[in-house]
Every structure is written in structure tokens, then in C-alpha cells.
There are 8 protein chains.
Amino acid sequence: MNEDTPVKADPGREARSSIPEAVFARFKDDSQLIGAVMGLLPDGKVLVTKATDQQIDMLLENFEDIMHSYDRTAGTMVMTQQGYKWPDSKGNIGILSAGASDYFVAEEAAISAEFMGLKVHRCYDCGVAGIHRVEQAVQLITEHDLDVLIVVAGMEGALPSVIAGGIKTPVIGVPTSVGYGTGMGGLSAVLGMLNSCAPGITVVNIDNGFGAAAAAAKMLRWLKGPRD
Amino acid sequence: MNEDTPVKADPGREARSSIPEAVFARFKDDSQLIGAVMGLLPDGKVLVTKATDQQIDMLLENFEDIMHSYDRTAGTMVMTQQGYKWPDSKGNIGILSAGASDYFVAEEAAISAEFMGLKVHRCYDCGVAGIHRVEQAVQLITEHDLDVLIVVAGMEGALPSVIAGGIKTPVIGVPTSVGYGTGMGGLSAVLGMLNSCAPGITVVNIDNGFGAAAAAAKMLRWLKGPRD
Amino acid sequence: MNEDTPVKADPGREARSSIPEAVFARFKDDSQLIGAVMGLLPDGKVLVTKATDQQIDMLLENFEDIMHSYDRTAGTMVMTQQGYKWPDSKGNIGILSAGASDYFVAEEAAISAEFMGLKVHRCYDCGVAGIHRVEQAVQLITEHDLDVLIVVAGMEGALPSVIAGGIKTPVIGVPTSVGYGTGMGGLSAVLGMLNSCAPGITVVNIDNGFGAAAAAAKMLRWLKGPRD
Amino acid sequence: MNEDTPVKADPGREARSSIPEAVFARFKDDSQLIGAVMGLLPDGKVLVTKATDQQIDMLLENFEDIMHSYDRTAGTMVMTQQGYKWPDSKGNIGILSAGASDYFVAEEAAISAEFMGLKVHRCYDCGVAGIHRVEQAVQLITEHDLDVLIVVAGMEGALPSVIAGGIKTPVIGVPTSVGYGTGMGGLSAVLGMLNSCAPGITVVNIDNGFGAAAAAAKMLRWLKGPRD
Amino acid sequence: MNEDTPVKADPGREARSSIPEAVFARFKDDSQLIGAVMGLLPDGKVLVTKATDQQIDMLLENFEDIMHSYDRTAGTMVMTQQGYKWPDSKGNIGILSAGASDYFVAEEAAISAEFMGLKVHRCYDCGVAGIHRVEQAVQLITEHDLDVLIVVAGMEGALPSVIAGGIKTPVIGVPTSVGYGTGMGGLSAVLGMLNSCAPGITVVNIDNGFGAAAAAAKMLRWLKGPRD
Amino acid sequence: MNEDTPVKADPGREARSSIPEAVFARFKDDSQLIGAVMGLLPDGKVLVTKATDQQIDMLLENFEDIMHSYDRTAGTMVMTQQGYKWPDSKGNIGILSAGASDYFVAEEAAISAEFMGLKVHRCYDCGVAGIHRVEQAVQLITEHDLDVLIVVAGMEGALPSVIAGGIKTPVIGVPTSVGYGTGMGGLSAVLGMLNSCAPGITVVNIDNGFGAAAAAAKMLRWLKGPRD
Amino acid sequence: MNEDTPVKADPGREARSSIPEAVFARFKDDSQLIGAVMGLLPDGKVLVTKATDQQIDMLLENFEDIMHSYDRTAGTMVMTQQGYKWPDSKGNIGILSAGASDYFVAEEAAISAEFMGLKVHRCYDCGVAGIHRVEQAVQLITEHDLDVLIVVAGMEGALPSVIAGGIKTPVIGVPTSVGYGTGMGGLSAVLGMLNSCAPGITVVNIDNGFGAAAAAAKMLRWLKGPRD
Amino acid sequence: MNEDTPVKADPGREARSSIPEAVFARFKDDSQLIGAVMGLLPDGKVLVTKATDQQIDMLLENFEDIMHSYDRTAGTMVMTQQGYKWPDSKGNIGILSAGASDYFVAEEAAISAEFMGLKVHRCYDCGVAGIHRVEQAVQLITEHDLDVLIVVAGMEGALPSVIAGGIKTPVIGVPTSVGYGTGMGGLSAVLGMLNSCAPGITVVNIDNGFGAAAAAAKMLRWLKGPRD
């Protein structure tokens, strides 16, 4: 009854916007998910995000040969066609997370950034109630010559504020849904970051690790590399 | 048509709950405000909060002789009957505010606390984006032997989190309506404080300097003084 | 791919802020949970909060020897190293809850407070629609020489207001997610407590029994004990 | 350009629903307001609610001869045609308000109820933080043989809960916009009343004194009087 | 560790407020639920509301002998001690529901009202988009001499408005969580009823069939019967 | 410092989308408003919406010669170049409003629709609590051969539901900000319309009379006229 | 105990409002669902919407003989009595969806529209970040002579804005619950569509494919066909 | 009574975070505003944002000699000490705004960016309903060799989505409070941008032109310049 192909790949997206298309697994049934992966395979690599355990199992069964790696907590799967050659790194970014519970978002950001050709330095569960945060961040930036910091935090989302006031590196805040009660699924954290008194923080959607990685990739490819 | 007295003083409140009744000026017309002040005058002292410039002028005209002091930005007025003797201080508290704009709330807290017999040490516009915050707070606590800290902040309301994780002193957070856009009149700040990852912070209503002072007074009168 | 240790203990937290770090189990997968417990074991005692039945079972299997006690409804587990000696009580607190359904929060507060070295007196399901509440509270305070009251309530969250207006003891309100419809997961209760007309109530996050206990512990250790 | 009459009276409303139509002044310009009053004058009596000072002045100028009474704080004006005979009272109701600031809503309810033929007993500024509330209410009910209680409260809106659990009389809760910050213009109060743990409270819109009076009038006319 | 009895019956509630205590099953674990039922059994009858299928099965196993009736969709169970004699009916009420999906709330109201001694006339799935509604309601009222109408509706919650403008009988609106999207779990319906342009409607919490029945019972017992 | 022209007309909009561009006056300072009007004058006619009294006065001073008509309550002004010839009517629409207070939105819709070449039949202050609504609407439709109904309502926004269930004509609902308290500036009305149980109602933004007219114009120009 | 039939068909609805009644499966238990289907079978055809997999299985078992088609992702089932003859098409509509994940809503709209006698042209997963959207839409409109466009989008819901500014065809926007975090179950999308700067878009509830189809059917039957 | 200096400059902020401190005028009384300006004058230049007409007049009177420029619509004032030498430009940015009404935010961003040493290319009132947007943006980027785009939009906030999908340049979205009704003071726009389907957009607070400029400055100073 439905003559239209329900899932269409957008192969020109990376060329147009510098960000490769990824497959957002949530809300997709199995056939839609397989269709989306098939549509992007010709690019040589595919990134799936927000996948459930069941979806990861299903994908493992269907695409065993080209699977590269997956992380059940982060809900991500990376696939590569045989012989796919990753491009050289476009720059170094740091990913800090406030609590251990924020891992699933921080790691989605990290895996997405690596997929986009960035080199990632992780500093997870930095704790949030102490004051040695800025020192740690400064040290991380210096040690690894970081270009951009992605700072991931749930609950009140204060970590980006604390960090950004003390460093010159651009900071992208990623609020997470970690918390409960008045945390309201991450709303408290996103409001905290948008209202930060440390100017210059920019913010993406709750739990949107992929989006933060994309923003970092845009900055690095455009501002540091040759503008192709 | 209305045979009932619309404004009734509750003279026993201080004896019952350790907190003297105050006159909340907002929503009151002039005759209600005068009635409320008159009802509390027999106690020897009256505190008016959240008063507009017009209300302060009106009160100045009507109660010139017993006026003690007022602050137009804080919206407060203190009156004392001639010969009223302030009780000895029950303890020392510190009031920190994040930005200069938070003054009207911080000072409402300070004046209310002084009215309740506490000695107040102020540290306003501490800035919020730096990291020397905790050192300053620790120094303030040590120098003045502070018992409780009231920390006042608008926007993302992160200052109590930053402070409380590094000190042992009880911290009462007061979110303010300072901010704009997604600050939503202080909602962002109150959510930030309720979701703080620094355990042990307690919170009062947005702009509720009086309530924070009352909480501090309860702690000091009950926990440090003789339990009358 | 992730060379960073995802879970890091903050052993200095108790020395710094008087509150021992606890393990917030929600949002953690099994390996993160085990890692967090392992990180804190050197302190001699560990408190796990907001654990599901499955997580409790998993912890029982892994840490059977050092398990001290657990409560499936409260979602808590306490572990102690052999020979661990609990410190002397720092003070007495009372925990009142409005309804039987609020037990899981009230008991989280009680267990957390005991873990922090306080002696706890419980009065659960006090009912909320009657007027003998204040008398009961006053009696409890007098009988056990209570220093602080934690008052736990869901639905409209009115119990702290009713209690606090009639006593001098500091009151910490804990809103719970008990309710439905316009209760909105505890928002109605938290708003009710923040807007209480009984001045001096301070409030923590919805269902945050641990936070209320931490606030009480800070008051007692700092205001009553020697300031180490 | 607009051939339609913009304001139309609904003269049959009282006969149909037992509640006379009233003129809601807010959002109406002067010509609409005059038109609405004119349309209802043939009924012999007119009630205007939520009128500003300017609207009251304008009405006084235009309808001086038939003006009966007005209250600037409550925003109400009652007019009667010469010779209009008020019907006999249909019953006794009590109106309690929590704070003096709630007067404007409580008195709107009182004036509306009197306009609908009820006898009203007022008890304003009952205070809300004490415990003698229920005793006062019981005494009021007994003394005046009250049929229904309208309980008016802003801030956390707890007074109806406290009252209703101790009496058999039907209680209609009226939340008010009195408060600030997280009071959110009365939302906290309306949520508090809707989530009351005292079953049997019914609620009307924020500041809707007229609606509460109408509900009381419906109960008394239908349940106590002859069903015409 | 917890020496307090977590569930306490309030046997005097019916005498005090005319509404018998009921057992709200949600949020209660099995032992709390059994405890609550046991506490109320001495009254001769027990009503359980908001019970899941599992809770109903558990109660059937434990209280088989005194079970009177239950409704899995409404989530209610009524138990009576042998020989319990229901009191005479205090009056007739009608319960209208807008859609078939609202059954679980309408029937909770009906069963609760019968439990409180009222005679209930049901008119479910009246449809909401037609105009014969008022005629049906008027007919129902006349035919059965109804004292109060409870009108149950989800989605936009318009049915009480449509009905109440055309009849003199008091109308209690019960918003339900039926709907989706911007219905937001019943918020759209509760807002619709609170803002009704048909004055005199009073409203209870979303899905609160028990509360609506309690309000009706209070009206009938107090306004129609002898005031004991 | 700003070399860019801040206000740019989009002359091709009507050709592209069938809706002429209008000037939304709110948020514009005088020079922006004049610039916007000047940019559209070449089209022969200009519609200004949401203008304040001050803005209307300012426009009257500046464009006296080409002023056609204005309505201060609706906040609209229509201007036409000399010799402008209005096109023939594309169809008949009806505009119903629930209350007299909704006039400012209903009339914005009416004036906008006339500006777009539709013939408008008004029926304002239809009352909302009665049941003769559908009959009136049916009569209006039949009498004037109406193609589309725009139904304007504030408060609970129920009128479109009541109407749409009984007629075949397409209904566009326009929620208004009329109301108070939980009406929340029109949110209650927009939720009511979006959740209508009468399928087929479509909705525009709160107070968006212009948008409703544009939707009606699109239906009539495209569905009834020749598709140019 | 409940003598009333809980599910009542409204057979006259199609004649009255041009939209056939459908069975909204969510919130219905099996017996209610079967009852609703039985009530509508005499019309010859039945449409079930928002059905779960379990409900579809249950219906397949009970109505195997008259089943016509179903779509588990869309949650729809169409049944026809033997010999039922579909009416001739009333017009052509296009349904565009932004992402593959929006399929379940777009297809509910498509199946509902076909059920109402419209011919549907689908264009799903059009992508939303590109600019060839309008060209595609224009081409679709021209190629198939489309009368109305239904545009389905989740997340920020921008697709209708982008499309509607460039075409003359009426556009009905359907926000979907696809998204996460601040998408808040579709609230971001519905707000985006209601605030569109492209005038003339009308909006239905989140995920309300059926409602969008009904609106399109009303436009086509009334504006293009004979007015029966 | 208040021995503390209420306004404290943070002279080291630019060295620490690369962003100079600015004076946020809203919520400040005259003496606070003057104090803040005085505190920053030693830096040679001062930027005041969100100033009202009255505040600008007051500053003009007090700092006439060092005033550089101001914009009443944008609410900004720039002051420079005599002889202050602006640093060389660090890069080129483009600022696009959707509507003429968004000018006050776009120009705050532009003036702030210029104050931070960036060269700004403006493209205001780009219209939002057309499709030539991306072409215009691409042309702007190419022509002026832009490094970053700041895209300012109110209402549904769709412009950043439309732009970002077609270009490689980093895009910072600035939602504005322009709109009405469900626009909710910019909430609709900020949600639209956070939920954008064009990955890589980052967002700042509603109306936060200064913050967007700060983010752009951080990217350019750090990523393009030498890392001092």
C-alpha cells in the first residue's frame, strides 16, 4: 500500500556540512534500522547511536562481517567496510564528564568524535564537588594540546561553568538526563548550562553526545584545516 | 459589609517557632500594610519585606518616629519602638552573593538575620566564574568563626554547589530571579540548587532572603543556645 | 578504546565537607557499581542508595562478606569492612513521614543519617489530614531531645508547614514522588514546601533522603560538635 | 465593517444553571464593558468582577444612579435597579482566608455569594502556620450553622487540607496568586489543593472567587432548597 | 533497625470528616498493603484503590474470605467483614464519562461513592462531540432525582463545561489521564476544567475518582442529611 | 557601524505562498515599523498587526494619506495606495468568538481575511456555556454559504470542539490569551483545542488571528479557485 | 454492579461531521476494544488506531474474517464487511515526513486518509537538513495534482515551515514524539509548528495522524465536492 | 550597615578565559551600574549590555567623556579610555537574523563581537520562510571568508537548522524572545534549536547575543590564533 521507500540515505551530507550522517536507532523498528545502515554502507563506515541491547544484537547478527566495535552502555555501534581507511586526525579534543553515571553520554560523544576523525582524550568521573577541576582541565589541555573541551554533566550541570571561567579553550556543554526528581530528565542541567555565568559556553540537547562531537568536528575541520 | 478584621497579628509566633512574624508588603494595599505594622508594634520591633518605593514612602510618612532603617533596593524597613533593646547575638553567619545584581536578595537575608539577632558577615559579588571561591569562603569562615553560610545566586545557581563541596559549614542556598530567558525568573537557579551534586545543601524559595535568615536563626537558636 | 578509569573515588570528601561519599546506584551498570563500591571500601564503610532489586542482588553476590544490611524498599545497602567501628553519635534527629507510601524516602534518610553517625527516631505514616501532628512532633522532640526534624511528604507536601509553625527545632523538608496526576512526580510537593508560609523550612530535591540526612549531619557536626 | 453586536447578554442563564451571568471586566475595553452591563440591567442587578480602578471609575461615571456598592481591592461592583428586591437567603457559607493578602480573592467570593443570595460569614487572615485553625473553623461552623466553607489561600495552598480533614462540611478550595518565585502566580497553590491528602476538597481556578461562590450557590439552591 | 510501625490506620477519620479512610495501593509494597488493610478491617469494610493486577491477586490470596468485589480495570477492591450491614443510601448521584477509555476513573468514582453509601447512576461513553449531551444529562437528573453529577473526561476535558451551563445540579469535574501528546497525562483536561466558562464547576485531581466521590458524599451527608 | 539594511520586504511572498506579507508591529521600534511599511507599499496595500495605540498614532502621522482603516482593540491598520483595487472575493468564511473579550483576536482574523480577499461573516460573543451553539453555527453556514469556520476562544477553548462535532465545514481553532490563573496566557485554550475529541480541528498559535485567516485563504484560493 | 453499557457507538457521526468514528485503542482493555469494533461494524468498515502489537493480535483472532489490513508500526487496523465498496476518491493529498522514525505517524495519517476516501501520495524520510525540500514538494504537488499537504515531523518540527513558505497548497503540520531530551515527547515540535513564521500552517496534536487526515478530508469533501 | 563593597570587578577574567568582563545592566540600580563601570575602566574599554533607555541616559551623563557609542534598541554602550587602541581583528564572523524584530539581539551580538576584536558581517531580516537562505549564507561565507556564523531567530527558531545543514562553517544559534503566545518568551525558539536535526549547532540562552559573541571569540582566538 506504501509505494515509497521509507528510509532514504543522504550520501551528500558529509560533503555539504562536514558531518557524516549517522543512524539514530531509537524509534526505528528492525527493518528501518537495517535499511538505514544499508543506505550508508557505500560510504565505507556507519555509526549507529542510541541503540538498545536488542538492536545491537540484531545488528550483530545482520552485519557481523563489517562490525568494527560497539558499546552497550553508550548505545553505539561502528561498522566499516573491509579496507576502509580512517582519515588522519583533524585535531585533539578533551571530553570531561562529571559523574560515572554520565558515561553513556560522554562515550557517545567520544565514539562519535573518533568516527568523525578527531583524536579524543577522556577524563571521566572528574567528580563535581571539588575545586581541583580547573587545574585538572588546564593540565589535560596542556598535556595533550587540546583544541576543544566537551564537558558532560547531569544533575545541576554546573561543571562547564566551573571549567569555562578558567580556561581559554572553547567549551561545549552536554547536559545529561542523569538525576531524579526536579532534575526532570536533564532539564535542570540544560537550564543550568544555558544560564551559565561563564560566557562563551555553548550547549547541545540533553544526552546529545553525537551533536557535541559534530560541533567540535565542525570547529576543527573549518577553523584549523584547509577549507575544502 | 465586611465585619471581620482583615489583618490579624500573630503575636505568639516567635515564642512558638523562634521566628518573629514579619510583614510581607507585596499584594497588600496601604490600609492592610498599616494594619499589619500596627498589629506587630507591641512586640517592640517590626520588619517589613518586599516593599516597593511607594510603600516605603507611605510607611515613612506614617511611622516616621519609630523608623529605624530601610533599604530601597532590598525592599526592607525595620522599625523599633523607643527604648527597644536588641537581644545579644546568637551567632555569626556569612552571606555570600554571586553577582552584584543579587544584592536585593542577599541584603534582605542580611537585614532579616540581624533583625532575628544574628551577627552577619557579608561577601557580595564574589564573582562566580572563578575558582578562588572556596578559598575565600574558607577564609571568611575561619576569620569570623561563622556558624552558617547563606549563599545567594541567580542565573544557573551554581555557587552553593561550588562552595558546599569544600567546607563543613552548613550551607543554605537562596536562588534569585536574576537572569533572563531560560532563567525563567529564578527557576533555573532553584533547580540548580535542588539538584546540586554537593550533598547537604538545603534550599529556600526564589528571592526568599527572609526565609534563609529564618532557617539560619532556627539552627543557631536551637542548636547552639539554651533550649528555652 | 577508553584508556580512562570511568569510576573514581573521592576519598577526601568526608574530611573536606563532613559528608562521606556514597554510591548513587541509578544510571550505573554493574561494572560501574562494583567499581564505585571498590573505590570506597578502603574507608571502611560504604553506603549505596537508589539501588534496584537486581542491583542489590548483584551486590549481595559480589560483596557478601562485608554486607552489613540492606532495605529493598528504600533501595539502600550498607557495607562495612570487618572490624569497622562506628563513631559515637553526634546527635539525635527525628524523621517524620506523612504517609506509609513515603517509607522508601524516609528510610533512605534514616539509614543515611545513621551511616553518618546520627541517632535517628522514626515516626512514619503520621497521617497528614489530622491536627494532632504538632503535638506528636513536640512530644517526639521532648522525649528524645531531638536536634533536627526531617519531615518527609508527597502529594501536596503540607506536613512540614504544619509542623514547622509550631516548633523551634530546625525542619528539613523532603518532598517525595508519591502522588499521581497533577502531583507530577513530586513537583507539587516540592513547590508546596518551597512556598511554605512557615518561615525557616529548608528543602532538598524530591526523594532525596540522603541529601536531607547530609544537611542534618552538617548542622550537628558543625554546630554542636568540636570544629575539627 | 463589523455588523455584528460584539457583546451579547445571556438573560436565560440564571434560569438554566441557577447562576446569574456576571461581567468579567478584564480584557474588555470601555465600550464592551458598558455594553455588557447594559445587557444585564434588565435582570435588575449586575455584578462586575476583576475590574481595575480605572474601570470602576468609568462605571461610576456611567452608572452612578444604579450603583449599589464596590470594592477597589476586590475589583467588584454591584449595581441594582431601583426597587430591586434581593431574594431571601438560601443558606449560610463561611469564607476563610489564609493571609491578609488573599483579601482580594476572598472578598470577590464573598460579594459574589451575597449577590447570589447567600449569607456569608468571613474569617480572614486566619494565619496558616498555627494549629488552632480547625478549632476556629469548627467554632465558626457551629456558631453560624454554616453549610459550605470556601477556603482561600495562596503560597503553598495548604489551608484547605488542614481544615478539611477535621470537619464534615464541604470545602471548596480557592488558590490565589499571592506568593512569588516558585509560587508561579498561584500554580503552587492550585497544585497543593488538587493533591490534598484530605479527600473531598474540590478546587476552582486561581483567584476565582466568583467561581467558588457559584459552586456554593449551586450546592445550596439545589441540595437544600426546592428544585424549581 | 526501624522500631516504628510503618503503616498506621486512622480509625477516627470517618467520624471526623465524614469520609472513611481508604487504602491507596500505588507506591505500597505487599507488606505495607496488607498492613493497611488489616488496620482498617475493624471498621467492617475496606476500600482499596489504584491497585495493580498483581496487587489484586495478592489481596485475593490473603483476604479471600472477606472479599466483596473487585474491578481490575478500575483498580479497586471492596472487602467486608461478615455480617457488615451497609448503611441506607444518603442520596443519588450520577456519573457521566466522556469516552469508553475513561471507564477506569468513572468506575473508581462509582465504586467509591457506593462504598460511602450513595446510590450511583452511571452514564458512560456519552460521546463528547455531539450536542445531545445536555438533554441526556437533564433526562438522567429528572429520571433518577439526582443530587450531584460527577462528570469524568480526558483529552480536552470539555464535557463538564458543556453540561454545567445547562443544568442547576452541582457538577464535580474529574479530569482523566486519557489522551496523548499535548494531553500530557491529563494536564490538558485539568486545565480545561479549571478554566471552564461555565461557573460553578469544581475540580479534583487527575484520575481522582475517589476524591470526587468523597466530595459528593460530603455534600449529601452534610447538606441533605441530619448534621450529626 | 551597521551597513546592512535592517528591514527587508519580501515582495514575492504572495506569489510564492498565496499569503501577502504583513507587518508584525510588536518588537519593532518606530524606524523599523516605518521601514517595513515602506517596503510593502509598492504592493498597493499593507496590513499592520499587533500594533499598540502608540504605534497606530505614529503610523497615522506618517501615512495619513494612504490609511484605509484601523482598529485599536484589534491592533490592526490597513493602508492602500490610491487607486488600489481590491480583488474579487475568493469565498465566504465565518468567524465565531466565544466571549466579548475575544474580540481583539477575532477581529484581527476578520480584518486579515478581508485583506486577503475573503468575505467574512462575524458572530461574536456567542456565549460558550449554552447548547444552541451548533444550531447557530449551522444556521450561519447555511444562510451565508460559508466555506470555512474560524472559531476563536480563550479560557478552556472548548467552543471549536462543541461546534466541529456537529458540522461538516472545516474548522480552524484560534486559542486566545483571555483568561487568568491556570489559563496561563492561553496555554489552557491551545491545549484544549489540540486535544479536542472532535477530529479534524486544526489549530494556530494563541491570539494568531492573522494565521487563521491565512490558513483559510490558502484553503479557498487553492481548493476552490483556479490554481495559478 | 454497572448496568450501563460502557462502550457506545456514534453511528451518526459521519453524516453529521463528515468524519467516520474510529476506535482509539489506547487505554481500552480487550472487552472495551471488541465492543467498540462491534458497535461500528454495521457501518461496513472500521478503523482502529494506536493499537499495540498485543491488541492487533487479539483483534486478528476475533475478527479474522473481516480484517482488511493492518500495520504494526503505525498501530492501525482496517476491517471491512464482506462486499463493502469503498467510495470514489474525493481528492489527492500528499504526506511528507521528515525522518524515517516519523513513519508510524505519517502512515497513521495515510491509512486514515485512505479510510476516509482520499488518495494519498507518500514522501517519507525526506530528510530535513537539506534545501531541496521545497523543490521536492513542488514537484510532488504538480505531478500528482495534490490538494492538501500533510507534513509530519518530530524533533524541532521545522519541516512544515520550510515547505509552507514556498507553496500555495494548504499545509497541515503533524508534530511527532520523535526526539529526546528537550524534545519532551513532541512538545518542542508542536511549539515549533505553532510558532512558524510561515503563515497559514495549521497544527494538530502530537502524533495525531488520524486528526490530520480528518482535517484534510473535511477540506476536500466540503470545499471540492458537492455539499450534501 | 553593609561594610562590604557590593560591586567587584574581575580584572583577570580576560587573561584567564579570553573573554573580557562586561557589565550586565539589568537588575542593577544606578549606583551598582556606575560602580561596575568604574571597576572595569582601568582595562581601557567597557561594554554595557541589556541597558534600558534610562540607564543609557544616566551613563551618558556620568561618562560622557569616555563614551564611544551606544545603541538604544540593542541596549548596549561601549566606552573607551582616551588613547585606547583596539587590537587587530582575530577573524571574521557573520551574524544572520531571521526577522527585523530580532535586531536587538543580533546587534548585541555584533557589538559584543566587535568589542572582543572580531570583524562582523551582518545580514539581518533574512526572512525565514524562503529557500534562498542557504545560498545567501554560502555567498556571505565565501565573499567575506567567514570563520563562524551566529544565527539569530525567534518564534520557532528554525533558521539555524535550515542554514547549518548546508554549510561547513560552525553555527552558533541564538534564540530570541520575539514571538507571542506559545512562543513563551523564547522557549519555543530555544527548544527548536536544541532539537535541531542538523547536527553540530550549539545554542546559547534566549536573547544572549553577548554569549554567542563570546563563544565565537573563544573559537577564533584559540583555534586560529597563537595560544598564548
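Contact here means heavy atoms within 4.5 Å. That definition will be needed at several stops of this tour, which explores a predicted model.

**Stop 1: the sheet of chain H**

Next, select β3(H) together with strand β4 (residues 76-80) of chain H. These two strands run antiparallel and are joined by four bridges. Which residue in β4(H) stands opposite D71(H)? Selecting T76(H) shows the residue that faces D71(H).

**Stop 2**

**Stop 2**

Move to chain C, where four strands form an open sheet in the order β1-β2-β4-β3, and the pairing is mixed. Its edge strands are β1 (23-24) and β3 (67-71) of chain C, each of which pairs on one side only.

Select strand β2 (residues 45-49) and strand β4 (residues 76-80) of chain C. They pair in the antiparallel sense over four bridges. Within this pairing, L47(C) has V78(C) in β4(C) as its bridge partner.

Then select helix α4 (residues 103-115) of chain C. It lies across β2, β3 and β4 of chain C, and its course is at about 165° to β2(C).

**Stop 3: where chain A meets chain H**

Show chains A and H together. At this interface, 43 residues of chain A are in contact with 43 residues of chain H. The area buried between the two chains is about 3400 Å², and carbon and sulfur atoms give 58% of it. Which residues of chain A lose the most area to chain H? Select K168(A), W222(A) and L223(A): together they account for 21% of what that side buries.

There are zero salt bridges between chain A and chain H, whereas 12 residue pairs are in polar contact. To see which elements take part, colour α1 (13-17), α7 (187-194), β9 (202-203) and α8 (209-224) of chain A; these give two or more residues to the side that touches chain H. The largest contribution is that of α8(A), with 10 residues. By class, this side of chain A has 23 nonpolar, 10 polar and 10 charged residues.

For contrast, bring chain D into view. No contact joins chain A and chain D, and their closest C-alpha atoms lie 13 Å apart. Nor does any contact join chain D and chain H, for which the closest C-alpha atoms lie 14 Å apart.

**Stop 4: a salt bridge in chain E**

The structure holds 62 salt bridges over all chains. To view one of them, select E14(E) and R221(E), whose side chains meet in a salt bridge at 3.3 Å, N to O. E14(E) belongs to helix α1 (residues 13-17) of chain E and R221(E) to helix α8 (residues 209-224) of chain E, so this pair ties together parts that are 207 residues apart in sequence.

Note on methods
Residues are numbered from 1 along each chain as its sequence is written. Chains are lettered from A and ligands numbered from 1 in the order in which they are written. This is a predicted model: local features need pLDDT of at least 70, side-chain atom pairs count only at pLDDT 80 or more; totals for chains, interfaces and linings use all residues. Side-chain values use heavy atoms; hydrogens and water are left out. Two strands pair if DSSP finds at least two bridges between them. Axes are lines fitted to C-alpha atoms, for helices over the stretch in contact, and angles run from 0 to 180 degrees between N-to-C directions. Buried area is the accessible area (1.4 Å probe) that two parts lose on being put together, summed over both. A salt bridge is a side-chain nitrogen of Lys or Arg within 4 Å of a carboxyl oxygen of Asp or Glu. A polar contact is a pair of N or O atoms within 3.5 Å; within protein, one must be able to donate a hydrogen and the other to accept it, and residues adjacent in sequence count only if both atoms are side-chain atoms. Ala, Val, Leu, Ile, Met, Phe, Trp, Tyr, Cys and Pro count as nonpolar, Asp, Glu, Lys and Arg as charged, and the others, Gly among them, as polar.
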